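User: Could you walk me through how to read the features of a model like this one? I would like the general idea each time, and then the case at hand.

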Amino acid sequence: MSGNRSRVLEVDMTTGKIVWEYAANDGNSFFSYRQGAAQKFPNGNCLVTSTQHGHLFEVTRDKKVVWEFVSPIMEGPPCHAGR
């Protein structure tokens, strides 16, 4: 696939294999060319930030978005987390 890709990966550092992955339906949905991040919580959920669009969301291991926030002050069109 060429171009940007909205995807979060968890990689097993010993094997290099992908353990878990969350990808948006739209390839660029939560892509952020600067300061985007993902952080795994102790409960297994993952917080994803797309700072370019002012979008934060939490996704479960089952790939369900449990909450999201879109800042009213944002740059560009809103993104949609895997919807």
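User: Thanks. With which side chain does the side chain of Asn45 make a polar contact?

Analyst: Some ground rules come with that. This is a predicted model, in which local features need pLDDT of at least 70 and side-chain atom pairs count only at pLDDT 80 or more, while totals for chains, interfaces and linings use all residues. Residues are numbered from 1 along each chain as its sequence is written, and side-chain values use heavy atoms, with hydrogens and water left out.
A polar contact is a pair of N or O atoms within 3.5 Å; within protein, one must be able to donate a hydrogen and the other to accept it, and residues adjacent in sequence count only if both atoms are side-chain atoms. Here the partner of Asn45 is the side chain of Glu58, at 2.7 Å.

User: Where does Asn45 lie, and is Asn45 buried or exposed?

Analyst: Asn45 is in the loop between β3 and β4. Buried means under 20% relative accessible area, exposed over 50% and partly exposed in between, with a 1.4 Å probe and protein chains only. Asn45 has 10% relative accessibility, so Asn45 counts as buried. Leaving aside residues up to four places away in sequence, Asn45 touches several others, including Gln39, Val59, Thr60 and Val66; contact means heavy atoms within 4.5 Å.

User: How many helices and strands does the chain have?

Analyst: Both are DSSP runs, numbered from the N terminus: helices are H or I with at least four residues, and strands are E with at least two. This chain has six strands and zero helices. Of its 83 residues, 33% are buried. Among contacts with a separation of 6 or more, 29% are between residues 24 or more positions apart.

User: Which residues make up the largest nonpolar core?

Analyst: A nonpolar core is a set of buried Ala, Val, Leu, Ile, Met, Phe, Trp, Tyr and Cys residues joined through side-chain atoms within 4.5 Å. The largest one here has nine residues: Val8, Trp20, Tyr22, Ala24, Phe30, Cys46, Val48, Phe57 and Val59. Two or more of these residues come from each of β2 (18-23), β4 (46-50) and β5 (55-59).

User: How many aromatic pairs are there?

Analyst: A pair of aromatic rings is described by the distance of the centres and the angle of the planes. Rings of Phe, Tyr and Trp (its six-membered ring) pair if their centres lie within 6.5 Å; planes under 30 degrees apart count as stacked, over 60 as edge-to-face and the rest as tilted. The count comes to one aromatic pair. Tyr22 and Phe57 form this tilted pair, at 6.0 Å centre to centre with 55° between the planes. Tyr22 is in strand β2 and Phe57 in strand β5, so the pair links parts of the chain 35 residues apart. Both Tyr22 and Phe57 are buried.

User: How many salt bridges does the structure hold?

Analyst: A salt bridge is a side-chain nitrogen of Lys or Arg within 4 Å of a carboxyl oxygen of Asp or Glu. The structure holds three. One of them joins Glu21 and Arg7, at 3.1 Å from N to O. Glu21 lies in strand β2 and Arg7 in strand β1 (residues 7-11), so this bridge ties together parts 14 residues apart in sequence. Glu21 is partly exposed at 25% relative accessible area, and Arg7 is partly exposed at 40%.

User: Which residues are linked in a network of salt bridges?

Analyst: Glu10, Lys40 and Arg61 are linked in that way. Glu10 meets Lys40 at 3.1 Å, N to O, with Glu10 in strand β1 and Lys40 in strand β3 (residues 37-40), 30 residues apart. Glu10 also meets Arg61, at 2.6 Å from N to O. Arg61 lies in the loop between β5 and β6 (65-70), so the bridge from Glu10 in β1 ties together parts 51 residues apart in sequence. Glu10 is partly exposed at 22%, as are Lys40 at 46% and Arg61 at 31%.

User: And the backbone: which residue has a positive phi although it is not a glycine?

Analyst: Most residues other than glycine have a negative phi. In this model Lys63 has a positive phi of about 70°. Lys63 is found in the loop between β5 and β6 and is partly exposed, with a relative accessible area of 46%.
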